[in-house]
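Dear colleague,

I am passing on a structure to you with this email, and below it you will find some notes on what turned up in it. Please read them alongside the coordinates.

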Amino acid sequence: QVQLVESGGGLVQPGGSLRLSCSASGSIFSIAVMGWFRQAPGEQRELVATITSGGSTNSADSVKGRFTISRDNAKNTVYLQMNGLKPEDTAVYYCKAVLQDGYKWSTYWGQGTQVTVSS
């Protein structure tokens, strides 16, 4: 069974920084894409950023220039460095991975970590 475990959320003042981590463990053969999504109260879950095993990245316009996604393939871990945080970044942040567990490709989600930006 595959698990995604996130860490690094918390309360931060506007303009501050946080670094989220997500590690995948279990019966993993290969991970194609890892990424971060977020969901604010009353809103739909939205893309924040993704990164492929080759290092290609994609991110939402709202976080470009402030958030950086990176990945350690050897550790099956993805990071999200968030700088210049704004109150509108407040949400539950979810890690997602598209990976091969055994003989099939599957999508897994983490349990979510709360990020609150407030003075």
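A charge is said to sit over a ring if NZ of Lys or CZ of Arg is within 6 Å of the ring centre and within 35 degrees of the ring normal. By that rule the charged end of Arg45 is placed over the ring of Tyr94, 3.7 Å from its centre, and Arg19 lies over the face of Tyr79, at 4.1 Å from the ring centre.

Before going further, please keep in mind that this is a predicted model, in which local features need pLDDT of at least 70 and side-chain atom pairs count only at pLDDT 80 or more, while totals for chains, interfaces and linings use all residues. Residues are numbered from 1 along each chain as its sequence is written, and side-chain values use heavy atoms, with hydrogens and water left out.

The structure holds one disulfide, a term that stands for a pair of cysteine sulfur atoms within 2.5 Å. The sulfur atoms of Cys22 and Cys95 are 2.1 Å apart, and the link is left-handed, with -80° about the S-S bond. Because Cys22 belongs to strand E3 (residues 18-25) and Cys95 to strand E9 (residues 91-101), the pair ties together parts that are 73 residues apart in sequence; strands here are DSSP runs of at least two residues, numbered from the N terminus. Both cysteines, Cys22 and Cys95, are buried, where buried means under 20% relative accessible area, exposed over 50%, and partly exposed in between, with a 1.4 Å probe and protein chains only.

There is also one aromatic pair, and rings of Phe, Tyr and Trp (its six-membered ring) pair if their centres lie within 6.5 Å, with planes under 30 degrees apart counted as stacked, over 60 as edge-to-face and the rest as tilted. The rings of Phe37 and Trp109 have centres 5.2 Å apart and planes at 65°, so the pair is edge-to-face. Phe37 is buried, with a relative accessible area of 15%, whereas Trp109, at 36% relative accessibility, counts as partly exposed.

Finally, the largest nonpolar core has 29 residues, and Trp36, Val48 and Phe67 are among those with the most contacts inside it; such a core is a set of buried Ala, Val, Leu, Ile, Met, Phe, Trp, Tyr and Cys residues joined through side-chain atoms within 4.5 Å. Its largest share, five residues, comes from E9.

With best wishes

Note on methods:
Helix = DSSP H or I, 4+ residues; strand = E, 2+ residues; numbered from the N terminus.
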